[in-house]
Amino acid sequence: MIAALLYLQYHSFRNRLVSRVKRLKQPKYLIGAIVGGIYFYFYFFRYLFRGYGGRPVVNMSIPVVNMSISPEHLQLVELLGALVLFVIVLLAWIIPHERAALTFTEAEVAFLFPAPLTRRNLIHFKLVRSQLRILFSALFLTLISRRFGGNAWIHALGWWLILSTLNLHFLGSSFARTILLDRGISNWLRRLLVFGMAVAMAGSVWVWAKRTLPEPGSADIANLNAILDYAQRVLTAGPALYLLYPFRLVVRPFLAQDATVFFAALTPALLLFLLHYLWVIYSDVAFEEASVEASQKLAVRIAAVRAGNWQGAKKNQKAKRPWFKLAATGPSATALFWKNLIGVGQVLSVRLWITIVVVVAIFGVSLGNIGRGQNLSLMAAILVVIALGYSLLLGPQVLRLDFRNDLPLADILKTFPMRGWQIALGEILAPVAVLAACQWLLLLVGAGLIFYLPGKQEALFLAIALGAAVLLPVLDVLLLLIPNAAVLLFPSWIQAGKDSPRGIEATGQRLIFALGQMLVLLVALLPAAGAFVGVFFLLYFAFGPAAAVPLAAFAATIILAAEAGFGVMLLGKLFEQFDVTEEPAN
Amino acid sequence: MVQVENLTKLYGEFVAVNELSFSIQPGEVMGLVGPNGAGKTTTLRCLSGIIPPTRGTVRVGGHDIVRDAIAAKKQIAFFTDEPRLFDYLTVWQHLNFVARIYQVADYERTGRELLEELEIANKLDALPGELSRGMKQKLAIACGLLHSPKVIYFDEPLTGLDPLGIRRMKDSILKRARDGAAIIISSHLLHLVGEICSRLLILKNGRKIIDGTLGEVTRKFSEQPGDANLEEIFFRATSETGMPAPAVPPLLPH
């Protein structure tokens with residue numbers, strides 16, 4: 001029976017590979033593959049089977065860093081690795097709440113579940129299938145970790161062992177979770193018990209450290225080395241050494257410095273792997289019903305993502321209120337703006353805002369710590385500038401409620417009695433408005449901070465903030481026009497999501513795209529930059545920098561606005577010419 | 001109402017629609033039938049302005065679909081086989097959105113009437129993800145009919161509907177025709193075509209095989225009056241030899 005499952009695995013993999021090779025006949029994939037191949041070679045592959053000291057063939061990439069672990073730090077690194085594994089395993093026992101559900105595709109459910117296969121056969125199939133993913137992950141992680149030295153084969157096998165054991169543990173823990181639920185132990189009780197155990201373990205280490213080691217002083221946390229030294233004292237003696245023992249066994253082969261040490265470490269690690277395997281295989285848990293449900297949800301999500309519809313792929317979508325009342329008459333483009341703003345509400349959830357606030361707060365606190373003794377407002381102002389920079393860099397990528405989201409419904413948009421430019425304008429307005437609002441908010445905060453900055457440059461800084469406030473919305477339009485034009489010009493190149501084309505050729509396509517977008521942006525910015533510089537120097541000597549900056553920004557804005565207007569017309573033309581029968585993203 | 005002259009659509013060298021000409025008057029319901037790949041969907045897409053024809057002209061209410069697209073599109077509603085909706089708009093927000101696109105000033109009254117008629121008035125705040133397939137189709141229909149189109153295209157309108165939904169859909173199509181709309185229905189369901197269409201256009205490999213009233217088409221493909229039903233006519237019209245398809249033995253023994 002298992003032979004049939006292996007046959008399915010082998011032929012699915014082979015056919016997928018063949019179809020990917022065949023599509024290299026199309027120039028867009030071939031060029032992508034060449035660029036991606038060059039990237040992977042220079043960035044990863046050339047270090048794979050070469051010592052870390054090997055000289056790079058072409059000196060154009062990040063140099064190899066010698067980060068081989070010194071013998072005195074080996075135990076600490078092993079313990080830190082074990083600690084990371086411990087946290088991952090702990091989360092696997094705490095976070096999930098569903099019953100065990102092996103994820104199968106709908107076709108697998110349709111063919112395998114009614115077939116005369118035992119539950120154990122299905123688990124074996126699942127395990128074999130997951131090996132493919134694990135092998136690729138191990139290879140990829142080896143490419144990265146190999147850059148820091150060590151033996152490639154040891155790294156690859158070490159990664160494989162870690163990932164495979166973790167995979168079995170996740171499966172086993174999901175089975176155990178289901179058994180506990182069947183026996184009346186709720187998710188919250190289980191979480192409480194597991195969390196209690198983790199706290200008890202951490203507490204025992206803390207009590208031991210408090211009794212045995214001297215109190216950590218300021219010297220112990222002065223820098224990274226001091227922190228590592230203290231961590232070594234805590235982790236390499238006492239209960240931590242034993243509590244983390246099984247996890248240490250798993251990471252030990254990866255950290256082996258030579259083949260002898262590797263093989264010595266391999267036996268206990270394999271034994272642990274075997275125990276996990278037996279645990280999974282002999283857990284008699286009914287996973288079929290939950291798996292059928294999971295496969296259906298997965299199919300819906302994949303279909304949504306394949307259609308470029310990330311919103312449809314999200315779970316538990318809720319209806320959102322419109323940001324403003326849409327009158328029945330007026331410019332048609334406003335309808336698209338109104339619609340996309342509602343969609344933005346789905347992306348910018350309360351959870352996202354909380355995450356952003358937490359991340360900014362953590363970043364701010366760390367900056368504050370680094371700059372201890374310096375002016376806190378200066379740190380906050382730096383943060384605002386960084387956030388503004390990131391808004392330009394990441395904003396257009398995150399806010400995709402435009403053609404990138406609506407392209408699967410292009411045929412519906414084309415039935416609307418609207419000109420191309422009206423549709424184009426309506427499509428990009430929502431992300432522009434949200435982005436500009438965020439930037440203005442940041443500028444407002446920045447303007448408030450100006451009065452607390454050291455030095456007497458308030459007028460100049462305010463002038464810069466004013467100039468930025470005028471310039472940024474138009475710049476946002478340009479930044480959003482480029483990816484929107486790209487998606488209309490090369491719809492099959494645009495990556496729709498996690499189920500979009502992957503591999504070397506897809507990486508190459510992304511690189512070409514990123515480069516192309518950067519070039520177009522540079523060309524678009526050049527005239528505006530020229531206008532800015534010209535007006536600035538013209539006015540600088542007469543009125544000083546505080547007057548020159550906003551006026552120069554205004555001049556640059558006029559140029560950018562003209563370009564943006566032209567860009568919207570062009571985008572509209574592209575949409576009118578867009579062929580809805582073009583090859584889909586997948 | 002719709003005049004098509006020498007409509008041709010090429011994909012590279014592949015001819016999807018070839019020199020197609022026909023016209024349809026207000027109140028007529030035309031069935032567009034043909035085997036898979038005959039060019040039915042491509043034809044409807046050209047007629048609704050979704051894709052431009054390679055050659056030929058399409059005029060809707062006297063307006064050229066390419067040169068005077070806005071005026072032409074204002075009169076059209078196109079219902080695809082799969083209801084195409086915006087995932088993050090509720091039922092009522094869909095109507096509000098469409099009303100602005102088509103400038104329907106009194107959409108609130110019309111919208112409520114349509115939702116009542118289609119029996120989804122209790123789902124105003126539901127997202128498409130919360131609706132069954134049939135309900136999604138009803139919402140798509142409500143959106144399409146909101147601006148009282150004079151020309152309506154249906155691509156497989158009965159897909160996914162329950163028996164009651166099918167009955168209502170047929171009634172709805174006939175009601176719109178009685179109200180003066182010109183309707184084109186692309187479908188493989190020949191009984192639907194036979195029941196509600198007054199005219200028939202059979203396509204094969206992008207070419208028009210025949211176009212006429214049901215009576216005319218029946219007469220042309222019958223050896224004797226009344227010897228052929230629509231299924232027979234379809235097989236005779238689309239087979240290479242012009243002969244009826246061989247009788248298909250039952251799949252299971254009685």
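A residue is buried if 20 or more other C-beta atoms lie within 10 Å of its own, exposed if 12 or fewer, and partly exposed in between, with C-beta atoms placed from the backbone. B:Val4 counts as buried because it has 23 C-beta neighbours inside 10 Å. The model is predicted: local features need pLDDT of at least 70 and side-chain atom pairs count only at pLDDT 80 or more, while totals for chains, interfaces and linings use all residues. Residues are numbered from 1 along each chain as its sequence is written, and chains are lettered from A and ligands numbered from 1 in the order in which they are written.

B:Val4 lies in strand β1 (residues 2-11) of chain B; strands (E, at least two residues) and helices (H or I, at least four) are DSSP runs numbered from the N terminus. Contact is assigned where the C-beta atoms of two residues, placed from the backbone, lie within 7 Å. Apart from neighbours within four places in sequence, B:Val4 is in contact with B:Leu20, B:Ser21, B:Phe22, B:Ser23, B:Leu47 and B:Val58. The C-alpha atoms of B:Val4 and B:Glu130 are 40 Å apart in space, at a sequence separation of 126 residues.

A nonpolar core is a set of buried Ala, Val, Leu, Ile, Met, Phe, Trp, Tyr and Cys residues joined through C-beta atoms within 7 Å. The largest has 127 residues, and A:Leu478, B:Ala142, B:Leu146 and B:Ile183 have the most contacts inside it. Helix α20 (residues 458-489) of chain A supplies the largest share of this core, 16 residues. Not counting residues up to four places away in sequence, A:Leu478 touches A:Leu521, A:Ala524, A:Leu560, A:Glu563, A:Ala564 and A:Gly567. A second, separate core of 25 residues includes A:Leu79, A:Ala156, A:Leu161 and A:Leu244.

In chain A, the axes of helix α5 (residues 119-145) and helix α6 (residues 152-182) come within 8 Å and cross at roughly 135 degrees. Axes are lines fitted to C-alpha atoms, for helices over the stretch in contact, and angles run from 0 to 180 degrees between N-to-C directions. The two helices, α5(A) and α6(A), are therefore oblique to each other; angles under 35 degrees count as roughly parallel, over 145 as roughly antiparallel, 65 to 115 as roughly perpendicular and the rest as oblique. Residues making the contact include A:Ile134 and A:Leu141 of α5(A) and A:Trp159 and A:Leu163 of α6(A).
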